[in-house]
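Colleague: Please take me through the salt bridges of this model and the criteria behind each label.

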Amino acid sequence: MKKYLAICVCLFVVGAVLGQSRSKPRKQSRPAKQPPEVLEAYQVCQEFQRVLAENLDFDRAFEATFVKDPARQREVAIAEGEHGEGDLSQVDTAILVDIYKSQAQGLILMLPLMFAYGEPEAEVFPPSIQAMFEEKPPNDPAKLQTYSAQIKRDVTELRAHVEKLAARNPGVAKNLEAYKKHLLTPLEMPNRIVESMTAYSKGRVLRLDEKYYQIDDCAVIREDGKMKLIGYIFLKMHF
C-alpha cells in the first residue's frame, strides 16, 4: 500500500504542476485560429471536466461526454480498465463498462487523501479502504459480475469515507477544492493548428487509420456528428 501511495504522491505533484501551468498567462503569440472540429473537441473535453468537478461523479461525466456506441464503449472499458486475465468475449458489455467506471471513480476519490496531514494513516486508510485497492479483478470471467457489484459498493463506501474526512480535516477539504479548481481551469489553445492523429495505441478502441484528437488529457473522436471522448489520462493529471 505504501509503495502505491508513493507512486500516487509523485504523480499528484506532477499533476499539480501541470494544473498550475495551465492557468499561467502566456506571453507568446496569440493562440492559432482552430478549425471548428478542434474547437468542438476542446469544448467536449472542458465539458467532461466541468461535469466531473461538480461532485467528482465519473459515471455522470462519462455518460455526458464519452462515446455512445456500445461496441466502442466496450473497447474503451477493456483498454482503460482492469478485468483480469480471462477471456472477456462472453462477458456482457454493461459489466465491463461498470467495472471501468468504478475503478476510475476509485482513483478519483483517492486524490484528496494523498496529503491528509494531521491524520493518522490508520484513520485515512483504515483496513477496509486499503483492502479496496489491494483487491484484484478475478481471472475467471464468470466472476466479473460479482466483482463489479462489489467494487460499486466499495466506491460508495470510499465516497462516504472521503466526505467524512473532508468535514473534519482541512487538508482533505483543501485537496478536494484544489482538484475541482484544476478541473474547472479553462484549457489553453496552442499557438499552432491542432492536427488529428492516427494509430491510437489503447487496445482496439480505434482502427490504426481512424483519426482522433489528443486535447490535453482527453482523446476525442467524432461520433454521429458530435465530438466524444474515448479516453482520459487520469495518471498524467493527478495520480
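Modeller: The structure, a predicted model, holds 14 salt bridges. Local features need pLDDT of at least 70, side-chain atom pairs count only at pLDDT 80 or more, and totals for chains, interfaces and linings use all residues. Residues are numbered from 1 along each chain as its sequence is written, and side-chain values use heavy atoms, with hydrogens and water left out.

Colleague: Why is the contact of E37 with R222 called a salt bridge?

Modeller: The term requires a side-chain nitrogen of Lys or Arg within 4 Å of a carboxyl oxygen of Asp or Glu. The closest N and O atoms of E37 and R222 are 2.8 Å apart, so the pair meets that criterion.

Colleague: What makes this pair a link between separate parts of the chain?

Modeller: E37 belongs to helix α2 (residues 36-55) and R222 to strand β2 (residues 218-223), so the bridge ties together parts 185 residues apart in sequence. Helices (H or I, at least four residues) and strands (E, at least two) are DSSP runs, numbered from the N terminus.

Colleague: Is E210, which pairs with R72, buried or exposed?

Modeller: Buried means under 20% relative accessible area, exposed over 50%, and partly exposed in between (1.4 Å probe, protein chains only). E210 has 16%, so the residue is buried. Its salt bridge with R72 spans 3.5 Å, N to O.
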